[in-house]
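Subject: Structure handover

Hi,

Here is the structure for you to look over. My notes on it follow below.

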Amino acid sequence: MTTLQSNTTELRTCDTTGLPVFKGAEFFIRLNAVCAVVFLLVGGIAALLLALTRWQTVHLLGPEWFYRVLTLHGINMLIFWLLFMEIGILYFACTTLLNSRLFSKHLAWASFVLMVSGAVMTNSVILMGKADVLLTSYLPLLAHPLFYLGIILFAVGALLGVFNFFGTLYIARRDKTYAGSVPLVTFGATAAAIIAVVAVGHGALALIPVFTFSLGLTPEPDPMWYRLIWWGLGHTSQQVNVTAMVAVWYLLATLTTGARAPNEFVCRAAFVLYILFINLASAHHLLVDPGVGAGWKIWNTSYAMYLAVLASMIHAFTVPASVEIGMRLKGYTRGVFDWLLNAPWRNPGFSAFFLSLVIFGFIGGITGVTLGTQQINIIAHNTLRIPGHFHATVVGGTTLAFMGLAYYVVPLIFQKDYIARPLARIQPYLFGGGITLMSFGMSFAGSEGVARRTWDIEAAGVYGASTHMMLGLLGIGGILAFTGLLIFVLLTVGTLLIGKSNKGRPMACWGVPKTITKIGAEAEREVDPHNTPGAMTLVVILLVAFAVYYFANWGALADVWHVR
Amino acid sequence: MSITAPPKDWFQAPSGHERVWLGMAFAWCIVLFIMMPLWHFKGKQNSTGESYATTPAAFSERVDRFVAANQVGTHNGTPIVEAPPGGDAYMLGRMWSWYPFLKLRVGETYRLHLSSMDLQHGFSLQPMNMNFQVVPGYDHVLTITPTQAGEYTVVCNEFCGIGHHGMIGKIFVE
């Protein structure tokens, strides 16, 4: 026990930021990050194959492998890649930022081993063709028992990682390793961790009875009951991604521009709204289902006030406002957008973060709330509009933000400077641009009625030239995004293998804005954190775009057959 | 700085631009909510989720009676059935077809019963682009009024196995 103790408390001081890095935590951050990138590559190769199949003119895969690869893609991207990253982020946020050692090395090992074995088990079963059931595995579709067991093991592992995070929060507070309140990034990570527990709880409730059913031990659960509970996992886990992404936005904004939150209370309150008003009932996915009535649907869509949407709209303001304040403090005070024009756009940490913010807000957020409106869902459910929405949130948003994070994690935690840095500088633009094109292609094809999760559209005989053009856009966007993803993976793995060590000196700087005028107290006096016209302009544009899209959809709904 | 402890006096009421935006955003969230109950009462397109417990065998029997009583023709070997205006119409989903095909009239209202014989399916009416979930064990009733004449295609948009893409139905509206 004493050796374990000395291991976990051993630390170094970061040569770039001056923050403490605990060796025990650092080791597990590295392990989780490496696994994340491996599963990102698996999911990415699957993504390319899918894009080249849905591009109807290319139509690469046959139906059997299309659905198999689609299952693989969803699980590796939405579950494995993101959760490995998130466990790494949690370990970072509770150790380095709180100046504390990790709670337990044993727990971290148990978490990691369970997650890896679960992921390998599930992927093997899928590739053997025993689980062509897609991510959702809607009953009565049934996969091989090991498919469910793999996901359950993975989820238990992730839960242990989350407990390790909570344990660390506890010992840090007990041992008084930090003074005052926890930093905003740690606060956001805590919100993500709490929501993760809720998500995994629903996952256990949905998947354990299906696992025992697949073994023939228990009767078949009701398919509507399964949909309701499964989406308690499926939707809630997306809220984990959103919350972790927002925490990463604040982190990257701070590292790249010296951002400062306009009001810590408001930012924290917005995280609390995420915890309280995520849709536990996951109603957004059941809006055109039988078994639940209109009252239930309307209430659970919004809890009458859309407070989770309000939380995102608050961050949509406070995140750019933080950057604006940080930049104004550096002297970029001219006009409305001087701060934004002089932001470090060649720094991949900044460009990934800001593109992620824009793609998530303008495309993902607006489409998400609109498609999740009870009646509008009639003209959207299970069409390509749905993946058009969530590729803008979870890929253009979360994945891109996590890529931006990697441009700091690798130099600071692995202590290696990136190879081929010019390539890294364009990577976020390539990936973000590709995902945006793909998302547009999906959304417009979906508006023309093309179904998601469908190998072929020709048999229906109702889709014309414009639909094929949109599917072509999907394909081209997919190829661009995959190229961006591949560059990211190659650069990151290449850096780990042959990158130059930066031990004993600060990391090679990606470029941060210079302070051009007064510094310190004098600048503080001149910059009013409650006056951020740039951020205000951005959110007003967002609101106008939101309103136009929202009411245009009501207009489109009014044109279809009457139905009650 | 988001990565260090906040100042001791961090608990501050919002002010300035932040306060203005909070007000605007909250007002918008209320608009987002109000639209749904408003449309529920005033709008013509709603998903009320009206449904009844059934079994594949019981539902299939009702569909057969419906076909026997109202068949008016065939299309590619599948019966075309003209539902009585104001009455019940049935369509069942199974791997991988919709059965039967329907003939409806513009401006008439029908109670369209949807259910599945096996897996979950998705009733997707094209090119109208109206979408509803079809779940085994649930008789999902849509009280539906066609507003335009034409030949409509029912696509399955819930994955139901290898032949999913070929699960195509027809609704003819006169």
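I will start with a salt bridge in chain B. The side chains of Glu174(B) and Arg105(B) meet in one, at 3.8 Å from N to O. The term stands for a side-chain nitrogen of Lys or Arg within 4 Å of a carboxyl oxygen of Asp or Glu. Glu174(B) lies in the segment after strand 12 (168-173), and Arg105(B) in the loop between strand 6 and strand 7 (110-116), so the pair ties together parts of chain B that are 69 residues apart in sequence. Arg105(B) counts as partly exposed, at 34% relative accessibility.

Some ground rules. This is a predicted model: local features need pLDDT of at least 70, side-chain atom pairs count only at pLDDT 80 or more, and totals for chains, interfaces and linings use all residues. Residues are numbered from 1 along each chain as its sequence is written, chains are lettered from A and ligands numbered from 1 in the order in which they are written, and side-chain values use heavy atoms, with hydrogens and water left out. Helices (H or I, at least four residues) and strands (E, at least two) are DSSP runs, numbered from the N terminus. Buried means under 20% relative accessible area, exposed over 50%, and partly exposed in between (1.4 Å probe, protein chains only).

Glu82(B) forms one with Lys103(B), with the closest N and O atoms 4.0 Å apart. Glu82(B) is in strand 3 (residues 78-82) of chain B and Lys103(B) in strand 6 (residues 101-104), so this pair ties together parts 21 residues apart in sequence. Lys103(B) counts as buried, at 19% relative accessibility.

In chain A, Arg30(A) meets Glu26(A) at 3.8 Å, N to O. Both lie in helix 2 (residues 23-54), 4 residues apart, about one turn of the helix. Arg30(A) is partly exposed at 26%, while Glu26(A) is buried at 5%. There is also a network of salt bridges that links Arg227(A), Asp289(A), Arg453(A) and Glu158(B).

Aromatic rings

Rings of Phe, Tyr and Trp (its six-membered ring) pair if their centres lie within 6.5 Å; planes under 30 degrees apart count as stacked, over 60 as edge-to-face and the rest as tilted. That gives 42 aromatic pairs over all chains. Phe350(A) and Phe354(A) are stacked, at 5.6 Å centre to centre and 20° between the planes. Both sit in helix 12 of chain A, 4 residues apart.

One aromatic cluster is made up of Phe27(A), Phe28(A), Phe39(A), Phe80(A), Phe84(A), Trp109(A), Phe112(A) and Phe154(A).

Charges over rings

Here NZ of Lys or CZ of Arg is within 6 Å of the ring centre and within 35 degrees of the ring normal. Arg68(A) lies over the face of Trp65(A), at 4.8 Å from the ring centre. Arg227(A), also in the salt-bridge network, lies over the face of Tyr138(A), at 4.6 Å.

One more item

By class, the lining of the second largest pocket has 12 nonpolar, 7 polar and 2 charged residues. Ala, Val, Leu, Ile, Met, Phe, Trp, Tyr, Cys and Pro count as nonpolar, Asp, Glu, Lys and Arg as charged, and the others, Gly among them, as polar.

Best wishes
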